[in-house]
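Please have the coordinates open while you go through the points below.

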Amino acid sequence: MKRIYIILFSMFLAFDIQAKEIIKSAQSQAENYYTICATQASNVQTDAVIQGNIEDIMRERKIRECLKAKIIEVASSYISDKELIKYQASIDSLEKSLFGIYKTLIFCQDKSNNFWCEERFKDDMSLEKLSLEKKLTSYMLEILKQTIESKQGN
């Protein structure tokens, strides 16, 4: 009976070690892809605060688009075409939903004036918007990591 427990415990440890290696490897790969994407996006070089913020937001969007392309590339190697379309739609929906929540909470508070809610939010390049862009990029990095983990687990 002791042998069975020892064998089961050994198997459990082996699976646990393998799972940790997959997670560590996926995290490392995702970070490498992020570095490549960040290198491809031009760095902001301006002393003008507002222009710098606008360029930071644009840079963050480029990084996120690069990460999304990598997510789809990795997923396409093991997910069927039909499911891949749904996967990409889910990612796009996540992004759109978070922008919608942000827009509503920041710009749609005045029940009598829809101008900011319907039109002006498109021009938003505030620090809050940059924060949202960075958060979305971190979500994409996490989705990339999970996509790589899933592929490695197959």
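**Notes on the helices and their contacts**

1. Let me begin with a local pair. Glu 149 and Lys 145 form a salt bridge, with their closest N and O atoms 3.5 Å apart; the term stands for a side-chain nitrogen of Lys or Arg within 4 Å of a carboxyl oxygen of Asp or Glu. Both residues sit in helix H5, and because they are 4 residues apart, about one helical turn separates them. Lys 145 is buried, at a relative accessible area of 13%. Here buried means under 20% relative accessible area, exposed means over 50%, and partly exposed is in between (1.4 Å probe, protein chains only).

2. A word on the ground rules. This is a predicted model, in which local features need pLDDT of at least 70 and side-chain atom pairs count only at pLDDT 80 or more, while totals for chains, interfaces and linings use all residues. Residues are numbered from 1 along each chain as its sequence is written, and side-chain values use heavy atoms, with hydrogens and water left out.

3. The overall fold is simply described. The protein chain has 5 helices and 0 strands, giving the pattern α-α-α-α-α along the sequence. Helices (H or I, at least four residues) and strands (E, at least two) are DSSP runs, numbered from the N terminus. Of the 154 residues in the protein chain, 27% are buried. Among contacts with a separation of 6 or more, 75% involve residues 24 or more positions apart, a contact being heavy atoms within 4.5 Å. The protein chain exposes about 10600 Å², of which carbon and sulfur atoms supply 58%; these areas come from the Shrake-Rupley method with a 1.4 Å probe, and for residues only the protein chains shown count as cover.

4. The buried residues of H3 are Leu 84, Ile 91, Glu 95, Tyr 102 and Phe 107.

5. Beyond residues up to four places away in sequence, Met 140 touches Arg 64, Leu 67, Lys 68, Ile 71, Ile 91 and Leu 94.

6. What holds Cys 37 and Cys 66 together? They form a disulfide, with sulfur atoms 2.1 Å apart, where the cut-off for a pair of cysteine sulfur atoms is within 2.5 Å. A search of the whole structure finds 1 disulfide. This pair links distant parts of the chain, with Cys 37 in helix H1 and Cys 66 in helix H2, 29 residues apart. The torsion about the S-S bond of Cys 37 and Cys 66 is about -70 degrees, so the disulfide is left-handed. Cys 37 counts as buried, at 3% relative accessibility.

7. The structure holds 11 salt bridges. One of them joins Lys 134 and Glu 60 (3.2 Å, N to O), linking helix H5 to helix H2 across 74 residues of sequence. Lys 134 is partly exposed at 45% relative accessibility, whereas Glu 60 is buried at 5%. Another joins Asp 92 and Lys 68 (3.3 Å, N to O). Asp 92 lies in helix H3 and Lys 68 in helix H2, so this pair ties together parts 24 residues apart in sequence. Asp 92 is partly exposed at 34% relative accessible area, and Lys 68 is buried at 11%.

8. My last point concerns Glu 95, which is found in helix H3. At 8% relative accessibility, Glu 95 counts as buried. Leaving aside neighbours within four places in sequence, Glu 95 is in contact with Arg 64, Glu 65, Lys 68 and Leu 136.
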